[in-house]
Amino acid sequence: MTELTSRDAGNGGETHQTADADHPVLTTNHGTPISDNQNQLKAGPRGPVLLEDEIFREKINHFDHERIPERIVHARGSAAHGYFECTESLADVTIADLFQRKGQRTEVFTRFSTVAGGAGSIDTPRDVRGFAVKFYTREGNWDLVGNNIPVFFIQDAIKFPDLIHAAKMEADRGYPQAATAHDTFWDFISLMPESTHMIMWAMSDRTLPRTFANMEGFGVHTFRFINKEGKSTFVKFHWKPKAGLASTIWDETVKIAGADPDFQRRDLFERIERGDYPTWELGVQLFDEAFANSQPYDVLDATKIIPEEVLPVRIVGKMVLDRYPDNYFAETEQAAFVPSHIVPGIGFTNDPLLQGRLFSYTDTQLSRLGSVNFHQLPINAAKGRAAAAGCPFMNQQRDGHMQMAVPKGRANYEPNSLAKAGEPGGAREDAAKGYKTFPSDEEGQKLRIRPESFADHYSQARLFFRSMDPAEQAHIASALVFELSKVSLEHIRLQMLANLRNVDEDLAARVADGLAMDLPPASPTAAPVLDMAPSPALRIIRGPLERHTLEGRSVGILIADGTDAAELNALKKAIQAEGGHAMTIAPKVGKVPLSDGSAVAADAQLFGQPSVTVDACAVILSEKAAAKLVKEAAAVQWVMDAFGHLKAIGASAAAKPLLDKAGVEADEGVTDLSGFVEAAKKRYWDREPKVRTLA
Ligand code: HDE
């Protein structure tokens with residue numbers, strides 16, 4: 001009797017791809033070859049499916065469990081591989097292997113994230129960005145798990161669950177997702193004056209980074225370097241972006257979220273694809289106990305910075321991200337960053353926020369990755385000394401869920417006399433090379449108490465606000481108005497206004513005016529508020545890391561039927577010559593006929609590529625196309641937003657009617673095509689008062 005298989009039935013013959021010399025046989029997870037991956041096992045062609053179908057059950061069972069718990073914070077993230085290169089030896093201050101030799105390279109895996117939203121949330125909420133770097137050093141993995149802001153909301157880790165509960169979507173209603181503009185967040189903040197400095201950063205353009213490549217990164221806490229004499233030097237870590245600091249405007253940010261929720265993840269991928277590798281310099285602020293004691297704040301308090309003008313940042317290395325992960329889940333999702341992953345030569349301080357983190361991160365991996373063996377996952381496995389000997393780790397820890405290793409021999413304890421030289425189980429401690437904790441003198445009563453040196457919650461908030469460019473100050477005031485306008489409970493707004501008076505009277509007045517509320521009396525302060533010297537290094541706008549360049553930036557060129565071919569080609573060339581990425585955008589993508597009878601395929605379609613997705617905008621249109629596009633809202637909006645978002649606009653003469661319809665007014669940033677490439681290198685902050693009312 002002929003067996004009836006699915007191949008004989010109604011598949012039309014096209015759904016089966018068959019194994020051949022170039023394509024291995026598909027198998028189950030246990031290695032059984034699979035004959036048909038399109039149809040379940042049934043009793044007859046139209047009959048019921050059979051429970052017996054182990055191939056179907058295995059596939060669906062695996063699928064049912066493909067999601068793992070997302071990170072409780074920093075769930076939304078994107079990552080890349082690359083390397084760290086030591087550019088200046090720090091051998092005098094630390095024995096950390098990665099900092100010993102100039103030119104020495106260490107592999108890294110770096111993950112950027114937002115904090116409050118879930119794994120599927122947008123890339124561009126107003127939020128702090130995580131900046132976590134795993135260095136696969138020869139002496140083990142060092143995880144520098146930082147943020148793009150150098151301070152934090154709270155001084156003690158015991159308050160972290162409260163902070164995060166308050167910031168995430170509200171417990172009863174389940175919204176808002178990835179947004180701090182709601183009652184519970186501001187309720188908590190208004191009752192937590194120590195958050196005020198961080199709030200200044202959070203309401204500034206720092207939480208609206210244009211791309212990951214345009215952010216600074218910070219280790220936040222004070223760490224220690226330890227040298228071969230056992231001497232400790234305090235250190236704060238800084239990442240300085242080669243591409244410069246750049247942020248978006250709030251209106252633009254909101255529109256990016258709609259146009260492309262994956263905007264920053266896509267940018268990271270595309271930059272690496274183009275060979276435009278995101279690069280940072282690593283800088284350190286090094287200081288000793290005497291310096292620490294001379295400052296008007298406590299260096300163990302993570303709500304404080306050491307201004308760069310007081311203690312310059314010394315550049316000691318660079319990080320280049322040049323490889324996108326092969327698999328998002330296996331690498332980016334399963335990466336476990338753990339601040340307690342430390343290497344010889346680096347140590348911790350008593351910062352009570354850092355100390356709490358040293359517990360939390362290992363703990364969270366157990367519920368997230370499900371096993372104490374998370375260090376065996378390829379992305380987490382060490383690649384240093386032990387790996388070179390054939391195994392990423394060498395110890396007598398055994399078993400546990402998902403044990404991937406098959407340890408040999410009987411010596412699963414130590415000390416032992418069974419394992420001979422080179423045999424499994426023979427690893428021994430090494431007093432000289434092993435990790436040594438800095439033996440700081442510690443004594444005191446056991447107390448739940450904060451030191452008095454942590455009491456000043458406003459001086460550095462004031463320092464930050466007063467160090468900003470006027471445009472940035474207006475953004476901060478406007479962000480506060482926006483966020484507090486979304487707070488429905490008046491007493492919370494009042495409490496915030498009372499706190500803001502301690503930061504800066506002008507700021508408080510502007511926010512009160514924006515809310516149309518009267519200013520309440522200032523809230524009491526626990527310590528005098530100091531007028532510290534401003535730190536211009538904190539600025540993005542007109543600050544030391546603002547770069548006027550096309551390098552790494554994208555320029556959108558709006559074209560349509562009849563666009564002048566010579567103008568288009570010349571502009572594309574000029575943009576590329578400056579290191580920019582030229583992207584043609586047209587009403588129809590497949591084929592755009594040009595003036596000379598040739599045709600080009602556009603890179604993107606007008607509706608799908610609003611101008612918020614590019615850094616500068618050019619418009620090259622024929623008279624006929626311009627006349628058509630003035631009646632196309634997407635085209636008018638494209639230009640209107642470019643103007644409203646303070647971008648350069650370069651246009652061919654025939655495109656003028658579209659610019660007029662979009663309300664573009666002449667200024668330095670609005671040029672003809674010849675002046676455009678130069679103009680496209682920056683934003684036009686002076687245009688802002690013309691296009692929006694800021695607080
Ligand atoms: Fe985190 N944080 N955090 N955090 N954090 C986590 O660990 C925590 C803090 C930061 O890309 C969690 O693996 C506590 C400061 C980044 O995977 C968790 C406290 C800074 C990432 C956790 C803090 C950070 C996390 C959730 C209060 C900047 C993402 C998932 C003391 C210096 C890393 C995970 C990645 C992730 C706890 C405060 C940065 C729950 C208890 C300060 C960049 O363990």
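Visitor: Which residue in strand 15 is the bridge partner of Ala-586?

Guide: In strand 15, Gln-605 is the bridge partner of Ala-586. Before we go on, a word on the source: this is a predicted model, where local features need pLDDT of at least 70 and side-chain atom pairs count only at pLDDT 80 or more, while totals for chains, interfaces and linings use all residues. Residues are numbered from 1 along each chain as its sequence is written, and side-chain values use heavy atoms, with hydrogens and water left out.

Visitor: What makes strand 12 and strand 15 a pair?

Guide: Two strands pair if DSSP finds at least two bridges between them. Strand 12 (residues 581–586) and strand 15 have 2 bridges in the parallel sense, so they meet that requirement. Strands themselves are DSSP runs of E with at least two residues, helices are runs of H or I with at least four, and both are numbered from the N terminus.

Visitor: Which sheet do these strands belong to, and why are strand 15 and strand 18 said to stand at the edges?

Guide: The sheet is an open one of 6 strands in the order 15-12-11-16-17-18, with parallel pairing. Strand 15 (604–605) and strand 18 (670–671) each have a single partner strand, so one side of each is left without a neighbour in the sheet.

Visitor: What holds strands of a sheet together in general?

Guide: Strands of a sheet pair through backbone hydrogen bonds, either parallel or antiparallel.

Visitor: Why is strand 8 called largely enclosed?

Guide: A residue is buried under 20% relative accessible area, exposed over 50% and partly exposed in between, using a 1.4 Å probe and protein chains only. In strand 8 (residues 279–287), 8 of the 9 residues are buried, so the rest of the structure largely encloses this strand. Strand 8 pairs in the antiparallel sense with strand 7 (residues 232–241) over 8 bridges, and with strand 9 (residues 314–323) over 6 bridges, also antiparallel. Phe-234 stands opposite Phe-287 of strand 8, and Thr-279 has Val-320 in strand 9 as its bridge partner.

Visitor: Why is the pair of Phe-153 and Phe-185 called edge-to-face?

Guide: Rings of Phe, Tyr and Trp (its six-membered ring) pair if their centres lie within 6.5 Å; planes under 30 degrees apart count as stacked, over 60 as edge-to-face and the rest as tilted. Here the centres are 6.1 Å apart and the planes are at 85°, so Phe-153 and Phe-185 are edge-to-face. The pair links distant parts of the chain, 32 residues apart: Phe-153 is in the loop between strand 4 (140–147) and helix 2 (160–167), and Phe-185 is in helix 3 (residues 183–190). Phe-185 also pairs with Trp-186, with centres 5.3 Å apart and planes at 85°, so this pair is edge-to-face too.

Visitor: What makes Tyr-361 a donor of the iron atom of the ligand?

Guide: Donors are N, O and S atoms within 2.8 Å of the metal (3.2 Å for Na, K and Ca); water is not among the atoms, so sites may look incomplete. The OH of Tyr-361 is at 1.8 Å, and Tyr-361 is the only protein donor of this iron atom. Tyr-361 is found in helix 9 (residues 352–368).

Visitor: Why is Asp-399 called exposed?

Guide: Asp-399 has 54% relative accessibility, so Asp-399 counts as exposed. Asp-399 lies in the loop between helix 10 and helix 11, and has a positive phi of about 65° although it is not a glycine.
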